[in-house]
Amino acid sequence: MKGHCEACELALEPYRADDAPAYFTIFIVGHIVVPLVLLVERWGAEPPLWVHALLWLPLSLALALILLPRIKGAVIALLWVQKAAAPKPVTESLDPSA
Ligand SMILES: [Zn+2]
């Protein structure tokens, strides 16, 4: 991930998308691919499994690679709009005796 926005120099480090982009990508790709699998199975004369693998593995991979960076950008933008930056890590010791 780039450390800052190339357009406005906004620091992107505090905005932690974590697993949200991957979750949304899987959710969307699944809702595109699974109905297509069922359609081909229902009206496509029930092709053998290797045909399914040949169709859906590349499609799933392509959709994930296309969608993931865009969804990650949208999640970071949402965090920025909501001012939901992660707190800065505490560098000093919390132990008063130290
Ligand atoms: Zn920017």
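Where is the kink in H1 centred? It is centred on Gly30, and the bend is about 25 degrees. The legends below take this helix first and then its partner.

The model is predicted; local features need pLDDT of at least 70, side-chain atom pairs count only at pLDDT 80 or more, and totals for chains, interfaces and linings use all residues. Residue numbers start from 1 along each chain, as its sequence is written.

View 1. Helices (H or I, at least four residues) and strands (E, at least two) are DSSP runs, numbered from the N terminus. Buried residues make up 2% of the 98 residues. Here a residue is buried if 20 or more other C-beta atoms lie within 10 Å of its own, exposed if 12 or fewer, and partly exposed in between, with C-beta atoms placed from the backbone. Take the contacts with a separation of 6 or more: 67% of them join residues 24 or more positions apart. Two residues are in contact if their C-beta atoms, placed from the backbone, lie within 7 Å.

**View 2. Helix H1 covers residues 20–43 and bends at Gly30.** The kink there is about 25 degrees. A bend at a residue is the angle between axes fitted to the seven residues ending there and the seven starting there. The end C-alpha atoms of H1 are 35 Å apart, which agrees with the 34 Å that its 24 residues should span at 1.5 Å a residue. The expected span is 1.5 Å times one less than the number of residues. Of the 24 residues of H1, the number buried is 1, so the helix lies largely in the open. Tyr23 sits in H1. Tyr23 counts as exposed, because it has 12 C-beta neighbours inside 10 Å. After H1 comes Ala45, with a positive phi near 60 degrees.

**View 3. Helix H2 covers residues 49–81 and bends at Leu67.** This kink is about 30 degrees and falls shortly before the proline Pro69. H2 has 33 residues. From first C-alpha to last it reaches 45 Å, close to the 48 Å expected at 1.5 Å a residue.

**View 4. H1 and H2 meet in a right-handed crossing.** Their axes come within 8 Å and cross at roughly 145 degrees. Axes are lines fitted to C-alpha atoms, for helices over the stretch in contact, and angles run from 0 to 180 degrees between N-to-C directions. A crossing is left-handed if the near helix is turned anticlockwise from the far one by less than a right angle, and right-handed if clockwise. On the H1 side, the residues include Phe24, Ile28, Ile32 and Val37. On the H2 side, they include Trp56, Leu63, Leu67 and Ile71. The residues of this contact divide into 16 nonpolar, 3 polar and 1 charged. Ala, Val, Leu, Ile, Met, Phe, Trp, Tyr, Cys and Pro count as nonpolar, Asp, Glu, Lys and Arg as charged, and the others, Gly among them, as polar. Tyr23 and Ile71 are 48 residues apart in sequence, with their C-alpha atoms 9.8 Å apart in space.

**View 5. Lys83 and Ala85 lie in the segment after H2.** Lys83 has a positive phi near 55 degrees and is not a glycine. Most residues other than glycine have a negative phi. Lys83 is exposed, with 7 other C-beta atoms within 10 Å. Its C-alpha is 9.0 Å from that of Tyr15, 68 residues away in sequence. Ala85 is partly exposed, with 14 other C-beta atoms within 10 Å. Beyond its neighbours within four places in sequence, Ala85 is in contact with Pro14, Tyr15 and Leu79. The C-alpha atoms of Ala85 and Ala17 are separated by 9.8 Å.

**View 6. Glu9 is found in the segment before H1.** Its phi is positive, about 65 degrees, although Glu9 is not a glycine. Glu9 counts as exposed, with 7 C-beta neighbours inside 10 Å.
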